[in-house]
Amino acid sequence: LELPFLLLIRATGRIITYYAHNYVNDLSVFAGQLNRSVNQASTKILFFGLQLYYRVLTQSVHRLIILDEGIASQWRQIAGSTPVLVEPLWISASRQKKKVFLLRRFTVVSFGFVSYYKGADWFAKLAKRFAALNPE
């Protein structure tokens with residue numbers, strides 16, 4: 001669902017940095033949870049669609065930031081010319097916050113579902129205060 005929005009945002013000339021925390025390269029791990037057999041045609045189609053999604057995603061963004069080197073190596077195999085960087089969240093959370101709020105351009109930060117436990121309430125308050133201080 002996010003790909004059309006990323007493509008539209010990219011079409012406006014915005015720079016997109018995408019944070020990813022996982023990469024599924026083998027659906028056999030999830031086949032039981034999906035109530036599918038590994039050899040079932042629908043599982044193979046689903047896996048093909050997932051790989052296509054990853055490839056389009058990497059071409060839709062300007063860079064990927066991955067939280068783990070092992071997962072980053074998997075992303076690098078399909079990322080083509082899109083840079084894949086590793087920024088462990090537990091090390092760089094405060095540094096990332098500084099980078100985001102030191103930007104001079106309007107910035108949208110989204111981390112999956114917007115929920116209070118992900119800091120959405122804190123981010124909304126801070127973004128409102130930041131916008132009031134920098135009315136561009």
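This is a predicted model: local features need pLDDT of at least 70, side-chain atom pairs count only at pLDDT 80 or more; totals for chains, interfaces and linings use all residues.

Visitor: Why is T58 called buried?

Guide: The relative accessibility of T58 is 0%. Buried means under 20%, so T58 counts as buried.

Visitor: Where does T58 lie, and which residues does T58 touch?

Guide: T58 lies in helix α2, residues 41-60. Leaving out residues up to four places away in sequence, T58 touches L64, W75, I78, A79 and T82. Contact here means heavy atoms within 4.5 Å.

Visitor: What makes the length of α2 close to the expected one?

Guide: Helix α2 has 20 residues, and from its first C-alpha to its last it reaches 28 Å. At 1.5 Å a residue, 28 Å is expected, and the span is close to that value.

Visitor: Which residues of α2 are buried, and what do they pack against?

Guide: The buried residues are T43, Q51, Y54, L57, T58 and S60. The elements they pack against are α1 (2-11), β1 (17-20), β2 (63-66) and α3 (69-78).

Visitor: Which residues have the most contacts inside the largest nonpolar core?

Guide: L64, I66 and W75 have the most contacts inside this core, which has 19 residues. At least two of its residues come from each of α1, β1, α2, β2 and α3. Helix α3 gives the most, with four residues.

Visitor: What is L64 in contact with, beyond its neighbours within four places in sequence?

Guide: L64 is in contact with Y18, T58, W75, A79, T82, P83, V84 and L85.

Key: Residues are numbered from 1 along each chain as its sequence is written. Side-chain values use heavy atoms; hydrogens and water are left out. Buried means under 20% relative accessible area, exposed over 50%, partly exposed in between (1.4 Å probe, protein chains only). The expected span of a helix is 1.5 Å times one less than its number of residues. A nonpolar core is a set of buried Ala, Val, Leu, Ile, Met, Phe, Trp, Tyr and Cys residues joined through side-chain atoms within 4.5 Å.
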